[in-house]
Amino acid sequence: MNARLPAPRRSAIVSGPPAAPPRARLGRKLSLVLETYVALPLFALVLVAALWTTAFHFIDKEQRDARQAARDDTRELVDTYEAQMARSLAGIDQTLKLLKYAVEQDGASGALATLRRQSLLPPSVLFTVAVANRDGLVVASNPPARPLDVSRVTYFLVHRAADGGVPYVSQTLTDRTKAEPHLHFTRRINDASGRFAGVAIVEVDPGYFTSAYEHGREGERGLLGLVGADGVVRALRVGEQTSWGQRIDLARLPDGQVSLAPTIPDGLTRFLGVRRLHGYGLIAIVGLDADEQMAGFARQRSAWLAGAGIGTAVLLLVVTLVSAWSWQVARSRRRERRAQETYAAASEASVDAFFVLRTVWAADGTVADFAIEATNSRAEEMAGLPKEAMRGMLLCEMLPSYRRNGIFDAAAKVALEGGVDQAEWHAQAYPMRGRWLHRQVVPVEGGVVAIVRDITERKQAEERIVHMAHHDDLTGLPNRTLLRLRLEQNIAQAAHKGWSLALVFVDLDGFKLINDGLGHNAGDELLKVVGKRMRACLRRGDTLARFGGDEFVLLLPGVGAKAQSLAPLLEKLRQAVHAPVQVAGQSVQVSCSMGVVMYPRDGLDANTLLMNADAAMYRAKDGGRNNYQFYAREMNASGEENLILLDGLRQSLEATLAGAPGGGLSLCYQPKVDLKTGRVFGVEALLRWHHPEHGPVSPQRFIGLAEESGMIVELGEWALRTACRQNQAWRAAGLPPITVSVNVSPRQFEERKLVARVAAALRDSGLPPDALELEVTESLIMRDLAQSVAKMRDLEAMGVSLSIDDFGTGYSSLSALKSFPISRLKIDKSFVSELAANPDDQAIAMAVISLGHKLHLRVIAEGVETEEQCAFLRANDCDEMQGYLFSRPVPPARIAELLATAQQFVPAEVAA
Ligand SMILES: Nc1nc2c(ncn2[C@@H]2O[C@H](COP(=O)(O)O[C@H]3[C@@H](O)[C@H](n4cnc5c(=O)[nH]c(N)nc54)O[C@@H]3COP(=O)(O)O)[C@@H](O)[C@H]2O)c(=O)[nH]1
């Protein structure tokens, strides 16, 4: 089979080495560390660390740069402020000096005018220029102001107290004279003699010293101001707010450096630059708000942090996703590996052979072959090759027969279309040749896996079971079930082709005697031998089945339509069965009765054919046995006939028992002659039945039916009672006393109450027990020897004598015979009939006579019809005779006549 691509997607090939050794497991653990889902997060951590290190590095650098820039700005601003203040203070001091000079020259009242004239007065908007005399009265002022006493003001007191030669700078304050804040720059005025003459005063708004504040440079929260050497703030501006009067610890102010520290007035951290204004006792301070100065850096830092954070987040996200994916992949790989290891271990321990086969594609997309990828130990045994040798081999090169027997095609179909192929086959290739194998082929990624199991034992067991279900245990021949199957098959075939077939029903004659007499083992042996012999007569296609018991059926297909053409075969079968058989150390002989039917003539289905063959077989039995009968339509009536006959017999028995006249049943009596005296010494009672419609019915027929139906028990009891009454009647009539023999059938004998019934018959008739003899057959006794002998002893104890009927046809052993409480042996008439001509029968008769005498028994021959027979028997010391030669069975009146006339059947000279 070649089919086209593409092959469907399938699960991964499950193959692999057995469980890994410890070193390999260690290596696997190490490689686990290198797995992406472990290594990648580690690498990511390093990256994140590097990223954040870099970010912090740059943040730190920029912070340092920003701080440095702020420091530089602060330094520059404070330098500038210092220069401005130095100029402003110098200007104020210049005014003080001019004023002092003018006062000293022109007196307090003209000083201001002089200065005004010379345009040396500062603008009055900014500065108030005044002069206080030595008494502390402000005597001149620009702009003019009402007289004011400053004699108690600090600067007045300071100057009056000493001439320091330096200006004095007051604290910023508000007072009675002026609600706005202001501060005073003052210088001592001396008179010509150098004594204190008053104070030159310049009053300044503190805002003047902070007017240099620029938002563009100092920002919104920058700081600019002057502090006195006493630590008290003279003027301080932050943003738009100007304040004064705060006290600060001068020791904590940086000395020439820019510091970063919390500052007044609000505690904000600022870069702070300080410059001492020499000569005035003032300190210029400039502060830049740290937050404002570092705002750019802060933004930069935020950008860095955001960048690093985003970078980290993105990295972590990517790493998480990749790691998760990698973990999934690794997990499924691990599972797969574990599955492989488990599979490998399991397959090694399995009784099945595993072949992992990779598909080898042809250029046209068909499956060209399969390459063996992996196998287990069992596969080695099955293939007869080591694993290493098989690995890589092409399947059809290793096993070319697979291309022909369909295995390759089935596997290719699985490889192409998926599904599962399962089948059993009888292996032809070494080393599994002759064994039954089962395969299961399943698709896997890249190929197929074939699992092969040796199912020979199971197959054999199944075959055994099938054989047992269809064959007879004992003979090994087909049984009833198989026969029916074959019959139905053959009928179907014959119907289809227009052929004929024959069915022969075979029943062994006399088998029961052997089986009962010699035991079941002997019976079994006989069946086996007979079965073999019949089988040997048949063709190959014929069937010989054991139908049950001693019944066999032959199925002969493909025969001619004419039944008579079977005659030679049937005769051959008859002879084969009739030939003597050695069983249980004895030579025994059976015959067979065969009924033959033809399909389609005698029936169209199995049931009809079997039924009709059975009917034909019974007809053969009725016809004297040891023969065959072809089926005729009218034979089927016999079943119904038997029922009708049986019904008639019952009615006759009931009528006879009821004493109705013409009941139909009667007894006739056949004389038995003593050869010594030539006279009748006894009679055998024989049943007769006159059917109201059909007339006389043969005892062979109705006694057999009565035996089968169980009616024989009642019938036999009637015969026994009638015979006893009759004999007693003869005696009562004064006739010479004789014995009467009554036949006892197997069912009668086995009946529990036999002895009681006999006793009752004797008692009721008044016949002495020694005038009654019961005739039983050998086979009847042998059915259950112990019980039979016990019953016979009971009868013997009662005084009733027993004789063995049909002696010679059964198989009593000598030892058993010795134990029988009998008085007479009766040679069967089948040996007597050919006595004159058949040396075998002569030998048997002589042997029976001799045996009987040795056992001290009387020997009687029955069926004596001719003088020759009589002469032979007499010559061989037979004691008694019975047969047509002397008399047929006759009515009781005739016996009475014979007894009355004392007829001598054997001439006196002959009789001893
Ligand atoms: N259980 C009972 N069985 C009975 C009884 N009555 C008869 N039988 C059995 O029936 C079988 C057939 O009997 P029958 O047809 O009566 O045949 C007997 C004789 O008529 C016949 N016989 C006698 N002499 C000759 C002879 O010279 N030639 C010849 N061809 N036949 C002859 O033999 C039969 C007696 O046989 P056996 O009993 O073995 O002595 C038969 O088996 C009877 O036993 C009954 O009441 N009960």
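View 1. Strand 25 (680-691), helix 19 (699-709), helix 20 (712-732) and strand 29 (801-807) each bring at least two residues to the shell around the ligand; helices (H or I, at least four residues) and strands (E, at least two) are DSSP runs numbered from the N terminus. Strand 25 gives the largest share, four residues. In total, 22 residues surround the ligand, and the closest are Leu 687, Pro 699, Asn 743, Gly 883 and Tyr 884. Being near here takes a C-beta atom, placed from the backbone, within 6 Å of the molecule. By type, the shell splits into nine nonpolar, seven polar and six charged residues (Ala, Val, Leu, Ile, Met, Phe, Trp, Tyr, Cys and Pro are nonpolar, Asp, Glu, Lys and Arg charged, and the others, Gly among them, polar).

Keep in mind that this is a predicted model, where local features need pLDDT of at least 70, side-chain atom pairs count only at pLDDT 80 or more, and totals for chains, interfaces and linings use all residues. Residue numbers start from 1 along each chain as its sequence is written.

View 2. Eight bridges hold strand 4 (residues 183-190) against strand 5 (residues 196-204) in the antiparallel sense, and Asn 190 stands opposite Phe 196 in strand 5.

**View 3. Strand 10 and its two partners.** Seven of the nine residues of strand 10 (residues 269-277) are buried, so the rest of the structure largely encloses it; buried means 20 or more other C-beta atoms within 10 Å of the residue's own, with C-beta atoms placed from the backbone. Strand 9 (residues 259-262) runs antiparallel to strand 10 over four bridges, with Pro 262 partnered by Thr 269. The hairpin of these two has six residues between the strands, and its Gly 267 takes a positive phi near 80°. Strand 11 (residues 282-289) also runs antiparallel to strand 10, through eight bridges, and there Leu 277 has Leu 282 as its bridge partner. In that hairpin, with four residues between the strands, Gly 279 has a positive phi near 95°.

**View 4. Where the confidence goes up and down.** The protein chain averages a pLDDT of 87, and 93% of its residues score at least 70 (pLDDT is the predictor's confidence in each residue, from 0 to 100).

Key. Pairing = 2+ DSSP bridges. Buried ≥ 20, exposed ≤ 12 C-beta atoms within 10 Å, placed from the backbone.
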